[in-house]
Amino acid sequence: MTFSPALEERFAQMLRAYPEGRQRSAVVPMLIYAQDEVGSITPELIEEVARRCGVDPLQVDEVVGYYSMLHRRPMGKYHVQVCTNISCMLVGGEQLYEHARKTLGIGHKEVTPDGRFSLEEVECMGACSWAPAVQINYDFHHFVTPEKLDQLIDSLRKAQ
Amino acid sequence: MTALYNEPSPLETRILSRRFGLENSASLDTYLATDGFKAFLKAREMTPEQIIEEVKVSALRGRGGAGFPTGLKWSFVPRSSPKPKYIIVNADESEPGTCKDRLLMEYDPHQLIEGILIASLAVDAHAGYIYIRGEYRYLIESMNRAIGEAYSRGYLGKNIAGTGWNFDLHTHSGAGAYECGEETALLDSIEGKRGIPRMKPPFPAVAGAWACPTLLNNVETFSAVPFIIREGGKAFADLGTPKNGGTRLVCISGHVNKPGVYELPLGYPMLKAIYEVAGGIPGGRKLKAVVPGGSSCPILKAEECDIPMDYDTLAKAGSMLGSGGMVVMDETTDMARVALRIMRFYAHESCGWCIPCREGTTWLRKILTRMVEGNGRREDVALLGELSKNMLGRTFCALGDAAAMPTISIVEKFAEDFDKYIVPEAVLV
């Protein structure tokens with residue numbers, strides 16, 4: 001498998017970052033950055049990361065199920081993550097998640113038929129003092145109300 | 001001015017956050033113009049013993065949650081070991097209620113870098129890794145930019161600032177796992193494995209990353225070090241209370257008018273933090289409960305909150321200062337639902353290695369779900385308490401305790417909140 005030049009450069013840096021003979025350390029960072037480009041953790045990607053890090057594919061496969069941000073199926077182009085953990089819950093996070101379910105017409109870890117949106121109820125994302133919080137892909141949105149979420153989703157629907 | 005997430009409070013003591021809000025606060029030029037790297041140059045003239053002694057005098061305690069004395073932790077690293085020594089920064093900030101390390105990395109990355117460099121002098125390390133949670137991708141990128149800037153200007157790499165000291169620093173991305181904030185699970189994760197906690201001893205100071213001596217501290221802990229070396233350990237200690245030196249970034253969330261991250265001295269009155277710093281409770285409603293330092297801490301009832309916020313007072317009150325995540329709950333809060341939400345989190349995050357934690361959190365979640373859905377039984381409240389107590393101290397890491405402790409406190413202090421969910425004739429569904 002080949003990746004974009006920027007990602008190849010990042011992978012080369014990752015492999016250099018760890019002590020000699022410890023390239024297995026690059027497995028998790030490599031998987032998450034590759035997933036962004038490939039769309040999901042595919043069997044070919046597992047083989048490729050294993051080859052580059054010098055480990056058995058099974059040693060890569062077994063970490064995939066452990067980390068919640070790694071997905072074996074593609075999520076939507078816009079992955080909407082709504083936090084309902086305690087700080088968010090106290091100020092309307094659960095209602096916000098219900099609102100997102102209705103607006104997008106999908107449930108937890110589901111993808112819209114056109115592949116544009118997916119939804120996930122997530123655990124604490126470190127935005128407690130600016131709750132309720134939503135992350136769309138890697139972008140944080142703070143103090144989110146149902147109206148603000150609708151606007152965000154609308155603007156993404158219109159975006160190419 | 002760089003946009004801040006919340007307005008600062010005039011009641012703050014801004015030591016670690018002094019550059020927050022400055023123009024280009026994350027740039028090396030801003031850092032150098034505001035005492036940057038003076039502490040490193042000073043530390044380079046000191047012996048490792050003197051650096052560690054200064055940190056001990058400062059009474060700095062780990063800001064990740066456990067509150068272990070930092071200077072003592074540094075003294076455990078065997079400097080004379082022939083193995084390479086490593087520094088690992090825990091930036092896996094995942095404890096519910098906690099959102100401070102984000103700000104330290106976003107607004108003042110060079111303060112963190114300088115703290116790491118001073119630690120490297122103290123433990124004779126020449127490489128370090130900042131383990132940043134995967135969700136904080138923008139911080140991985142901004143930290144990489146700051147590291148790149150430091151390399152290009154000679155503050156990382158070979159012969160740092162002309163002093164002959166060498167140190168390499170890298171970021172490492174996590175991929176979503178609360179458990180990886182536990183230091184030994186973090187070490188397995190950084191080695192490319194599932195984040196499973198290790199048996200201790202050996203402690204990471206002796207056998208950590210790649211079985212080498214490793215110094216592991218939280219972002220905020222390292223960020224406090226430049227001030228301690230520059231101004232002296234005593235100056236930092238004097239900001240707080242005995243054995244509880246300095247300030248810390250308190251993350252206030254929940255039912256307050258002005259939620260935010262505020263830097264307050266150790267020993268700051270909890271009620272003053274809620275009612276003055278964070279502007280009190282909306283609608284003039286009454287305080288019901290406070291999570292003092294992240295969701296792992298036993299919850300305090302309103303009448304238990306008239307205390308200073310330091311590690312020892314919180315311990316005496318039967319709770320913990322934890323990671324600084326203070327969650328305020330008003331009189332409308334349903335503590336049964338709070339208990340359920342906390343347990344859903346721990347059941348999701350248990351790594352599954354230890355049976356009391358894996359099965360305990362799962363069963364507690366099932367019982368709480370059944371109750372809140374309207375099928376509670378009279379004996380359930382006692383069962384929740386008994387199950388939780390059986391998890392305490394029976395796991396490799398603290399996640400089992402972290403799940404059990406808030407549950408025990410809620411069941412004992414807010415039993416009446418469960419009453420409405422108990423149906424005498426309920427049948428098992």
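What follows is a chat about a predicted model with chains A and B.

Trainee: Before we start, how are residues and chains labelled here, and what pLDDT do local features need?

Mentor: Residues are numbered from 1 along each chain as its sequence is written, while chains are lettered from A and ligands numbered from 1 in the order in which they are written. This is a predicted model, where local features need pLDDT of at least 70 and side-chain atom pairs count only at pLDDT 80 or more, whereas totals for chains, interfaces and linings use all residues.

Trainee: Okay, chain A then. How many helices and strands does it have?

Mentor: Chain A has seven helices and four strands, where helices (H or I, at least four residues) and strands (E, at least two) are DSSP runs numbered from the N terminus. Starting at the N terminus, the order of elements is α-α-α-α-β-α-α-β-β-β-α. The C-alpha trace of chain A spans about 50 × 35 × 25 Å along its principal axes.

Trainee: And which domains is chain A divided into?

Mentor: Domain 1 of chain A covers 5-64 and domain 2 covers 78-158, with bounds that come from an automatic or database domain assignment. The C-alpha centres of these two domains of chain A are 29 Å apart.

Trainee: What share of chain A counts as buried?

Mentor: Of its 160 residues, 42% count as buried. A residue is buried if 20 or more other C-beta atoms lie within 10 Å of its own, exposed if 12 or fewer, and partly exposed in between, with C-beta atoms placed from the backbone.

Trainee: Switching to strands, how many residues of E1(A) are buried?

Mentor: Strand E1 (residues 78-83) of chain A has six of its six residues buried. On one side are Tyr78(A), Val80(A) and Val82(A), and on the other are His79(A), Gln81(A) and Cys83(A), so to speak of E1(A) is to speak of a strand with both faces covered.

Trainee: Which strands does E1(A) pair with?

Mentor: Six bridges join E1(A) to strand E2 (residues 117-122) of chain A, and those two run parallel, with Val80(A) opposite Leu119(A). Strand E3 (residues 134-136) of chain A pairs with E1(A) in the antiparallel sense over three bridges, and there Val82(A) stands opposite Val134(A). Two strands pair if DSSP finds at least two bridges between them.

Trainee: What about the sheet in chain B, which strands form it?

Mentor: Five strands of chain B form an open sheet in the order E6-E5-E11-E8-E9, with mixed pairing. Its edge strands, each pairing on one side only, are strand E6 (260-265) and strand E9 (300-301) of chain B. Strand E5 (residues 247-254) and strand E11 (residues 325-330) of chain B run parallel and are joined by four bridges, and Cys251(B) stands opposite Gly325(B) in E11(B).

Trainee: Now the two chains together: how many residues are in contact?

Mentor: 36 residues of chain A are in contact with 50 residues of chain B. On the side of chain A that touches chain B, the largest share, five residues, comes from H2(A). By class, that side of chain A has 24 nonpolar, eight polar and four charged residues; Ala, Val, Leu, Ile, Met, Phe, Trp, Tyr, Cys and Pro count as nonpolar, Asp, Glu, Lys and Arg as charged, and the others, Gly among them, as polar.

Trainee: Last one, which residues touch the most other members of the largest nonpolar core?

Mentor: Leu31(A), Ala133(A), Ile118(B), Ala119(B) and Ala273(B) do, out of 186 residues in that core. Helix H13 (residues 335-349) of chain B gives the largest share of this core, ten residues. A nonpolar core is a set of buried Ala, Val, Leu, Ile, Met, Phe, Trp, Tyr and Cys residues joined through C-beta atoms within 7 Å.

Methods. Two residues are in contact if their C-beta atoms, placed from the backbone, lie within 7 Å.
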